[in-house]
Amino acid sequence: MSAPLVVSRHPLVLHKLALLRHRDTPPPLFRNLVRDLSQLLFYEASLDLQTATVMIPTPLEECPSHQLTQRIGLMPILRAGLGMAQAIHESIPDARVWHLGLYRDHETLKPVTYYNKLPPTVDVDVCYVVDPMLATGGSAVAAIDILKRWGATRIKFLGLIGAPEGVRLVQAHHPDVPLHLAALDSHLNEHSYIVPGLGDAGDRQFATC
Ligand code: PRP
Ligand code: URA
């Protein structure tokens with residue numbers, strides 16, 4: 001049995017996703033939408049974070065309140081995951097950010113790892129792998145493999161748009177990893193781009209198309 005696949009139905013997510021997909025959305029607006037959508041998705045995906053009760057002195061009296069107790073790691077898959085990680089980091093500034101450099105080889109479509117500076121021992125309790133696009137799933141599986149070899153035990157994947165092929169691959173390799181998406185699209189085209197998708201998420205964020 002696989003961990004849940006959660007596809008957001010939040011009206012704000014749906015509205016912003018339409019703008020994000022639009023071919024005429026320019027990079028500055030595209031980046032703002034990636035930021036907003038990432039924060040909304042993280043809000044949904046972080047519902048199960050643990051808290052402890054602490055006493056807080058308000059100007060009037062002490063009251064029991066809650067404090068996060070888990071160390072959080074954000075693992076953006078470079079480069080398109082950068083915008084997502086930056087947005088979530090704004091919501092949770094104490095998180096650690098460990099970048100994973102992976103790109104999809106255009107011919108083989110297999111992920112190639114080019115950057116990984118994880119420290120020798122695991123220094124977070126929950127890892128959020130972030131990447132806007134889950135296409136074949138090769139990059140997500142490779143990133144989760146790296147984190148598991150490192151010793152991470154609680155991992156979630158957050159993406160903006162997924163294809164059924166990518167969801168199936170991650171669930172087959174890592175059935176313990178919940179997937180949170182803003183949309184699950186129809187299929188991959190002959191170049192393994194998500195259809196209808198939004199095109200190339202890295203190029204659209206960084207104006208490199
Ligand atoms: C894109 C995307 C994912 C990957 C998804 O990155 O951001 O990392 O492709 O494809 P997959 O599920 O088939 O592995 P890309 O390789 O284009 O690199 P970039 O972010 O550096 O542009
Ligand atoms: N990477 C992207 O940026 N878009 C896709 O549709 C597939 C992979």
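Contact here means heavy atoms within 4.5 Å. Keep that in mind for the first residue. One more caution: this is a predicted model.

Let's start with Gly159. Gly159 sits in strand 10. Is Gly159 buried or exposed? It counts as buried, at 0% relative accessibility. What does Gly159 touch, once its neighbours within four places in sequence are left aside? Leu41, Met84, Asp131, Pro132, His180, Leu181 and Ala182. Take Leu181 from that list. Gly159 and Leu181 are 22 residues apart along the chain, yet their C-alpha atoms are separated by 4.9 Å.

Met84 takes us to helix 3. This helix runs over residues 81-91. Its buried residues are Gly81, Gly83, Met84, Ala85, Ala87 and Ile88. A reminder on helices: an α-helix has 3.6 residues a turn, so residues three or four places apart point the same way. Now, what covers the buried residues of helix 3? The cover includes two helices, helix 2 (27-45) and helix 6 (201-206). It also includes strand 4 (72-78), strand 8 (126-130) and strand 10 (155-162). Strand 10, again, is where Gly159 lies.

Next, salt bridges. How many does the structure hold? The count is 10.

Pair one is Asp185 with Arg21. Their side chains meet at 2.7 Å, N to O. Asp185 is in the loop between strand 11 (179-184) and strand 12 (187-188), and Arg21 is in helix 1 (residues 11-21), so this bridge ties together parts 164 residues apart in sequence. Asp185 is buried, because its relative accessible area is 8% and the cut-off for buried is under 20%. Arg21 is partly exposed, at 24%.

Pair two is Asp48 with Lys156. The closest N and O atoms are 3.1 Å apart. This pair links distant parts of the chain, 108 residues apart. Asp48 is in the loop between helix 2 and strand 2 (51-57). Lys156 is in strand 10. Lys156 counts as buried, at 7% relative accessibility. Asp48 counts as partly exposed, at 38%.

Asp125 is in the loop between strand 7 and strand 8, Arg71 in the loop between strand 3 (62-68) and strand 4, so the bridge joins parts 54 residues apart in sequence. Asp125 is partly exposed, with a relative accessible area of 28%. Arg71 is partly exposed too, at 40%.

Then the network. Which residues does it link? Lys16, Arg35 and Asp36, through salt bridges.

Now the largest pocket. Its volume is about 630 Å³. It is lined by 28 residues. Which of them lie nearest its centre? Tyr103, Arg104, Ser139, Tyr193 and Asp200. Several elements give two or more residues to the lining: strand 4, strand 6 (100-104), strand 9 (133-134), helix 4 (138-150) and helix 6. Note strand 4 and helix 6. Both are also among the elements covering the buried residues of helix 3.

Last stop, the surface. Tyr103 comes back here. Tyr103, Tyr114 and Tyr115 form a nonpolar patch. Together they have about 320 Å² of accessible area. Tyr115 has its place in strand 7 (residues 111-116). Tyr115 is partly exposed, with a relative accessible area of 35%.

Methods. Residues numbered from 1 in each chain as written. Chains lettered and ligands numbered in written order. Predicted model: local features only at pLDDT ≥ 70, side-chain atom pairs only at ≥ 80, totals over all residues. Heavy atoms only, no water. Buried < 20%, exposed > 50% of the residue type's maximum accessible area, 1.4 Å probe, protein only. Helix = DSSP H or I, 4+ residues; strand = E, 2+ residues; numbered from the N terminus. Patch = residues over 30% accessible without salt bridge, like charges linked within 9 Å, V, L, I, M, F, W, Y side chains within 5 Å. Areas by Shrake-Rupley, 256 points an atom, 1.4 Å probe, with all protein chains shown as cover. Salt bridge = Lys/Arg side-chain N within 4 Å of Asp/Glu carboxyl O. 1 Å grid on protein atoms, 1.4 Å probe; cavity = no way out; pocket = protein on both sides within 12 Å on 5 of 7 lines; lining within 4 Å. Points joined across faces, edges and corners; volume = space filled by probe spheres on them.
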